[in-house]
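Please keep the sequence and the structure in view while reading.

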Amino acid sequence: MSAVFNFTFVPWFRSVAPYIHKFRNQTFVVGVCGEAIAAGKLPNLAQDLALIQSMGVKIVLVHGFRPQVNEQLRAKGHAAKYSHGIRITDPVALDCAQEAAGQLRYEIEAAFSQGLPNTPMAGATVRVISGNFITARPVGIVDGVDFQHSGLVRKVDVAGISRTLDMGAMVLLSPFGFSPTGEAFNLTMEEVATSVATALQADKLIFITEVPGIRLRPDEPESDDNPIDTELPLAQAELILKNAPPGQKPTDTDFYLQHCVRACKAGVERSHIIPFAVDGSLLLEVYVHDGIGTMVVDEKLESLREATPDDVGGILQLIEPFEKDGTLVKRDRTEIERDIGHYTIIEHDGVIFACAALYPYPEARTAEMAALTVSPQSQGQGDGEKILKRIEQRARAMGLDSIFVLTTRTMHWFIKRGFAQVDPDWLPDARKRKYNWDRRSQVLVKKL
Ligand SMILES: CC(C)(COP(=O)(O)OP(=O)(O)OC[C@H]1O[C@@H](n2cnc3c(N)ncnc32)[C@H](O)[C@@H]1OP(=O)(O)O)[C@@H](O)C(=O)NCCC(=O)NCCS
């Protein structure tokens with residue numbers, strides 16, 4: 001192992017440690033679209049899931065099978081029929097779905113049984129258990145269209161799944177459910193994964209899909225200044241859904257998003273849309289700070305908001321101790337009153353627990369984040385990060401390319417969150433003129 005590799009490996013591995021500790025004993029429901037399997041991604045996906053499971057995460061895996069069923073239908077010379085974005089499952093389609101599901105289950109079980117020496121699966125012992133955990137009901141007749149054997153989830157056997165997970169096994173579900181009369185219904189992967197995540201009150205619902213995530217401006221084409229929105233607050237996701245036409249195909253904006261929103265509203269705090277096209281996307285999303293796809297998060301928006309003049313007293317109280325010990329530069333009441341529109345705060349029960357201000361320098365397409373503070377009794381619970389995300393959103397909405405901070409003591413916190421140190425000369429001219437050379441603050445920049 002070369003010195004450079006040691007040097008990069010150890011800090012990298014340690015940087016992942018907080019996530020490993022945090023996710024131990026948590027439950028993730030992972031929905032994989034059939035296209036991912038058709039594209040040959042199963043072996044690597046199984047390796048990544050086995051790794052995550054070995055770090056103590058309980059996993060329910062739900063596979064999709066759209067292309068596999070269509071292939072079976074083609075082989076039988078039967079056309080695939082859809083309405084309202086749902087397959088119409090006639091008796092031939094039901095046969096095809098059962099065949100496709102059976103075949104896929106074998107393939108998935110085989111992938112989790114790999115264990116050749118010198119491969120990531122060496123030593124992994126993943127027990128995969130499937131079962132009749134889903135009770136279904138028919139979709140029925142909608143707008144005059146009879147969906148026949150297409151169904152919806154009626155009930156999830158939470159006790160059965162939980163016991164299986166507690167045994168240390170991975171639960172594998174096909175998009176099938178059975179009615180109390182023993183009839184089989186073809187469901188969608190998205191419906192099963194969402195219902196299971198909600199019923200289990202899972203910590204995460206993750207869709208591994210044919211799309212890279214949701215873009216900042218979802219109805220505009222992909223470009224450098226319209227990247228994937230890595231963190232989408234629930235309220236904003238609901239707004240996108242309201243304005244988007246109903247999703248019929250997986251590449252439509254709200255096809256997966258509607259399920260993420262449904263799960264989030266029902267108590268699953270985080271749901272993700274990530275691309276199967278990127279190798280290791282699951283690891284990147286779960287164990288890297290910014291992730292790779294879109295995470296819809298229920299961040300209790302009522303407590304995170306832009307400040308109003310009524311908040312000046314609370315902000316002063318919050319930042320005062322940090323001004324006294326020199327962590328923050330002194331700001332007086334008049335200054336905060338004048339700039340109150342720049343502040344974002346987190347408030348719980350009428351008390352302000354965190355704040356930060358954003359001062360734009362539009363001529364340099366950047367903005368300063370100043371006075372970032374979290375009250376000592378709530379530090380370490382992610383409030384600093386929530387405020388940072390909101391400030392980033394505000395800066396993006398202003399069309400800026402970056403944000404910067406000046407700090408004397410908190411560099412590492414910022415560096416861990418994607419900031420990089422630059423020379424004070426980098427500062428926009430208007431800010432450079434106010435730079436206090438005696439304080440020797442470090443300047444850190446984050447590209448948006
Ligand atoms: C920096 C600060 C805003 C972070 O807020 P927070 O809500 O505690 O942050 P989060 O919960 O999102 O993150 C907590 C993590 O940051 C780490 N952290 C806190 N202060 C840090 C610092 N000064 N340097 C490096 N890391 C720090 C914690 O150890 C914790 O690490 P962990 O996740 O590995 O356990 C908060 O500590 C604070 O208000 N500090 C005093 C004011 C200040 O320094 N502001 C910045 C002025 S430029």
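Arg 365 is placed in the loop between β19 and β20; helices (H or I, at least four residues) and strands (E, at least two) are DSSP runs, numbered from the N terminus. The model is predicted, so local features need pLDDT of at least 70 and side-chain atom pairs count only at pLDDT 80 or more, while totals for chains, interfaces and linings use all residues. Residues are numbered from 1 along each chain as its sequence is written, and side-chain values use heavy atoms, with hydrogens and water left out.

Most residues other than glycine have a negative phi, and most peptide bonds are trans. Arg 365, however, has a positive phi near 50°. Arg 365 is partly exposed, with a relative accessible area of 41%; buried means under 20% relative accessible area, exposed over 50%, and partly exposed in between (1.4 Å probe, protein chains only). Ala 371 is another residue that is not a glycine and has a positive phi, of about 55°. Ala 371 belongs to strand β20 and is buried, with a relative accessible area of 6%.

## Helix α11

Helix α11 covers residues 312–324, 13 residues in total, and reaches 18 Å from its first C-alpha to its last, close to the 18 Å expected at 1.5 Å a residue. The expected span of a helix is 1.5 Å times one less than its number of residues. A kink of about 30° lies at Leu 318, shortly before Pro 321; the bend at a residue is the angle between axes fitted to the seven residues ending there and the seven starting there. Just after α11, Gly 326 takes a positive phi of about 85°.

The buried residues of α11 are Val 312, Ile 315, Leu 316, Leu 318, Ile 319, Phe 322 and Glu 323. They pack against α12 (333–338), β18 (343–348), β19 (351–361) and β20 (366–374), where contact means heavy atoms within 4.5 Å. Ile 319 has 0% relative accessibility. Not counting residues up to four places away in sequence, Ile 319 touches Leu 328, Ile 336, Cys 355 and Thr 373.

## Helices α6 and α7

Two packed helices are described by the angle between their axes and the distance between the axes. Helix α6 (residues 158–166) and helix α7 (residues 189–200) pack at about 80°, with their axes 10 Å apart. Axes are lines fitted to C-alpha atoms, for helices over the stretch in contact, and angles run from 0 to 180 degrees between N-to-C directions. The two helices α6 and α7 are therefore roughly perpendicular; angles under 35 degrees count as roughly parallel, over 145 as roughly antiparallel, 65 to 115 as roughly perpendicular and the rest as oblique.

In this contact, α6 contributes Val 158, Ile 161, Ser 162 and Leu 165, while α7 contributes Val 196, Ala 199 and Leu 200.

Helix α13 (residues 383–397) has 15 residues and reaches 21 Å from its first C-alpha to its last, close to the 21 Å expected at 1.5 Å a residue. Because 11 of the 15 residues are buried, α13 is largely enclosed by the rest of the structure. Among the buried residues of α13 are Asp 383, Ile 387, Arg 390 and Glu 392. Gly 399, which follows α13, has a positive phi near 80°.

Thr 209 lies in strand β13 (residues 204–209) and is buried, at 0% relative accessibility. Residues touched by Thr 209 include Cys 33, Tyr 256 and Phe 276, not counting residues up to four places away in sequence.
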